[in-house]
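Thanks for coming, everyone. I'll keep this brisk. Have a look at the model first, then I'll walk you through it.

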Amino acid sequence: MSWTRRLLVVLAALVAALLAAPAAQAHEERPVTLPDGTGSVPVYRTGEPDLLVCKSDRADFERRVSGFPEGLRTRNLKLFDRCRKSGYRHLQQAVDAVDRPGMNIAVLPGLYEEEPSLPKPTGECARLKAPNSQLGYQILSYAQQARCPHNQNLVAILGKKDLQIEGTGAERTDVVVDAKYQKLNAIRADGSDGIYFRNFTAQRTTFNSLYVLAQDGFVIDSVLTRWNDEYGFLTFASDHGLYKNCESYGNGDSGIYPGSASNINDTYGYDVPRYSIEITGCRSHHNMVGYSGTAGDSVYVHDNEFDHNMGGASMDSAFPGHPGLPQNHARFERNLIHDNNADYYPNVADGTCAKPPVDRGYEKGVVCPQISMPPGSGIITAGGNWNLYENNWIYGQRRAAFVLTAVPAFIRGEGALSKQADTSHHNRYAGNHLGEDKAGNSRPNRTDVWWDGQGEDNCWQADAGPSSPRALPTCGAERGAVSGRTDRLVGEPVKLAQLLVCADYNVQARRLPAGCDWYGARGIERIEVQVALAVAVVLVLVGGVLWRRRLRGSRLAAVATVLGVIGLGLDVAGSTMGLAATYVPALALLLTGLWWTGIGLVLRRERPRLGWTTVVLGALTLLDAVDKAVFMIPWIPLSPAWVRGLLGVVWVVWAVIAAARHGEREAQASDPAPDSVPASAPAPVHEGDAS
Amino acid sequence: MKRSPMRPRAARPLRTNRPPRAARPVAAVVAVLTVGALVLGASACGGRATTHHKPGTSHEQAGGSVGRLLAADDGAGNRLRQVDAEGAPGVTVTVRPDSEDGWNVHLSVRNFTFTPDSVGGAALLGRGHARLFLDGHPLARVYGSWFHLPASLVRTAGGGTGLTARLYADDHTAWAVNSAPVQATASLAAPSTAATAPGEARPDTTVEIVVSHGRVSPDPGRTEIRKGRTVRLRVRSDRADTLHVHGYDKEARLPAGKTVTLTFTADRSGLFEVETHESDLLLTQLVVR
């Protein structure tokens, strides 16, 4: 790495130092390593169960099965008779009785509160020595989990291989495991490769309902999870996983979270031999996000529905301690991602989320968003590589169908300089049905693409509608084919400013950044509009003084100045939400660029250095307009907006000095004064879109 | 580990041919930007973001029990769940005749939240649903504070005027204070419209039958019923069975030891047998005219 490039990376890091990733998940757990990948996806076993779990009240049981189809009812009644003789009353007892790999547990219709697991830890278990997580619980080792399985888990499945747990009801809601917000996890499978979960409901925890940790081989089949502080399903650092026909809702983070899915394709391009986790036929709705994947590597997500969340799906590289960062190789196909426009931030603002979990009202639809994210988004990628988003239906999104931003490596705790710009490359968004539902009805997204501009070989389909920037690299027919080879180290300055402001969210402090539209800011409240307005005011004042004192005699300068005023006005207009994804911002740049070029040409006669600098500024601005509206200029490591903005700061100071000295000069007639030297100093606040 | 040449991530292409002169502007850029970013950072947002998940909401685990299950039930097989009087759920009920049909029932609850979606789950303090009864007969489950009670439902339930609203937990246990269920009652005034003739809510015919050890008591006989009236059969059998009314083809499951009520309107005249299916016993004959 050349040292100039290194400097740019430092620069990127410095800016990003002030950012937290916009949408990301975290989860603190004992250090785990990814499985070696020698396992396999378990297969469902029919046949008589080895162990039975049921409740003892026959009348209650008969009522529960009375509406079942005849065959299923008879089978359940038969199993009930057997269970009353030789079965267990709590799922944990059956799990504890598993003494060999490959056993099947059948759980009969009923409500399982697992009373023996409920009491708070006492004795030795109350005094475990373990570090505390930021989230307020102890990070226990496997040995500690084994010694005190119910400190955090209602049902703990530890070291049981190839176990199958199946509800025997007609619906997954016929068997309910309810943690009543008294445990972090309802069901935890740890060190239990090959587990198969089927046909039940797990609910109401202060972390996740169904937790699979560091396992090679698991299936989640027709399971419902709901009403959790963080996740419905959390499968962490696992391989050979399959989610199918699952459902999750009412979670403060995501319904489905395949975090740190095994990083098996790190060295590949788009073509990979296999995926570590497959997710299909699932519906995740009314959560903060439907799907999330910090280090969600090599996850194949197809034919699911993510709807009515704040965001449909997100994946990121934003948190330390997740094996497999940066995130890579997720593949999304044929998913329905729509109407993810819920806004749960008011629950934070009004204090609902400050109550204990049990009192927040999750069952009534309350969701407490754990982190900052842009509501109204379809798929958010905050630092990820080689992700494929193809042939999905994404519609009815009030913000954007696709959001892509970079996350420098030190945010995830990696300081190596060479890694700082290693995210947001080779993401391909092609062949999706944008703004259209499956029946072909028009359900437009407000914006189809929002990209910060960073990264190489990212591409979007040519038929994408409104986007920011307006000109995007387009995908060719084949994976890997991209029009233009842009490779920027840092995103657009105004977008970074927005992310910076928006990231200052804190649930516990009930802090919702005022300038950010994610939390409801509109019009002049938004940071983007404020920046544009401040810049416009400064430039109009400086331009006006300059014209009055130096340029009044020139018709060219007069025309240019009028264009400049219009351009600056359009720039403010173009920073509003309604116009940001149109050609207005680029038109504003065009007019402003013409202004600078025009007055620069006039100025150059008397003050060549200032004049030429102004012309350069104009040219850069025109270049920026081309970059945003026509095609993204390849080869340059920074957007023209950065150079233009920084030069603009220098220009403002210089122009003010030049205008101020003008009168002095006139008084002294032809006394030759040296050209003023630009003050290299105090950079004013508008490092943003200094048009 | 598989390695493929396709992906040079860590070693990104070097740009060594950049003229060294570029260095100074870049350094200036860095300096200016740093100052700018810090100024903006310090002024626009109160403090630097951490690189971790901010603490998020509390993940406080709930504790304690949710009342005490009593042996007694609510009369319909649901056990009582006793809680302290202080902070206990409470309900009041008001009824107003509807201008078109039946009544509008309003439940006013305190220390209680309706949770329709979690019914079937475990009991949580102050959550659940309400049930309405008319003179002890179940009418409906209610998941909110307003309920429209149609006159037809009142007829089907056999008529009556004493409306009771009782609060239940998600697991169908009845909330109770001092061993008494949490409930409120109101009287159904006659609806104001002509849509419901007052006569239709007249007291019905009730037939009580007990089957024990294969014997029917009272002994099977004939019950005379006026056409159009509501008939209520209350049957208890000591073994699980099925109740069947011929002609009307009404059936009901008879769980062992439980009283089952079968209500219908006798809208056809004739002689109809009431019997059990498994044990094949004649319970009574209905003469409708």
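Predicted model: local features only at pLDDT ≥ 70, side-chain atom pairs only at ≥ 80, totals over all residues.

**A walk through the model**

Let's start with one residue. Ala237(A) counts as buried, because it has 24 C-beta neighbours inside 10 Å. The cut-off for buried is 20 or more. Where does Ala237(A) sit? In the loop between β11 (231-236) and β12 (239-244) of chain A. Its backbone deserves a look too. Phi of Ala237(A) is near 50°, which is a positive value in a residue that is not glycine.

Arg334(A) is not a glycine either, and its phi is positive, at about 55°. This residue lies in the loop between β22 (331-333) and β23 (336-338) of chain A.

Chain A has an average pLDDT of 91, with 92% of its residues scoring at least 70.

Chain B has a mean pLDDT of 77, and 76% of its residues reach 70 or more. Here the pLDDT stays under 50 over residues 1-52, a stretch with 74 contacts beyond four places in sequence. It also stays under 50 over residues 192-203, where the model has 16 such contacts.

Staying with chain B, what is it built from? It has 2 helices and 21 strands. The chain has 289 residues, and 34% of them count as buried. Take the contacts in chain B between residues at least 6 apart in sequence: 62% of them join residues at least 24 apart. The domain assignment gives domain 1 (68-191) and domain 2 (202-288). The C-alpha centres of these two domains of chain B are 28 Å apart.

Next, the cores. The largest nonpolar core has 177 residues. Which residues have the most contacts inside it? Val177(A) and Ile187(A). Look at Ile187(A) and skip its neighbours within four places in sequence. Its contacts include Leu154(A), Val155(A) and Ile157(A). Val177(A) is on that list too, along with Ala202(A), Leu210(A) and Tyr211(A). There is a second, separate core of 37 residues. Among its members are Val490(A), Leu546(A), Leu603(A) and Leu622(A).

Now a helix in chain A. Helix α10 covers residues 584-606, which is 23 residues. From first C-alpha to last it reaches 34 Å, close to the 33 Å expected at 1.5 Å a residue. Where is the kink in α10(A) centred? On Gly600(A), with a bend of about 25°.

Last topic, the cis prolines. The peptide bond from Leu325(A) to Pro326(A) is cis, with omega near 0°. Pro326(A) is in the loop between β20 (311-316) and β21 (327-328) of chain A. In chain B, the bond from Ser217(B) to Pro218(B) is cis, with omega near -5°. Pro218(B) is in the loop between β14 (215-217) and β15 (222-225) of chain B.

That's my tour. Over to you.

Notes. Residues numbered from 1 in each chain as written. Chains lettered and ligands numbered in written order. Helix = DSSP H or I, 4+ residues; strand = E, 2+ residues; numbered from the N terminus. Buried ≥ 20, exposed ≤ 12 C-beta atoms within 10 Å, placed from the backbone. Contact = placed C-beta atoms within 7 Å. Core = buried A, V, L, I, M, F, W, Y, C linked by C-beta atoms within 7 Å. Domains from an automatic or database assignment. Expected span 1.5 Å × (residues − 1). Bend = angle between axes of the 7 residues up to and from the residue. pLDDT = per-residue confidence, 0-100.
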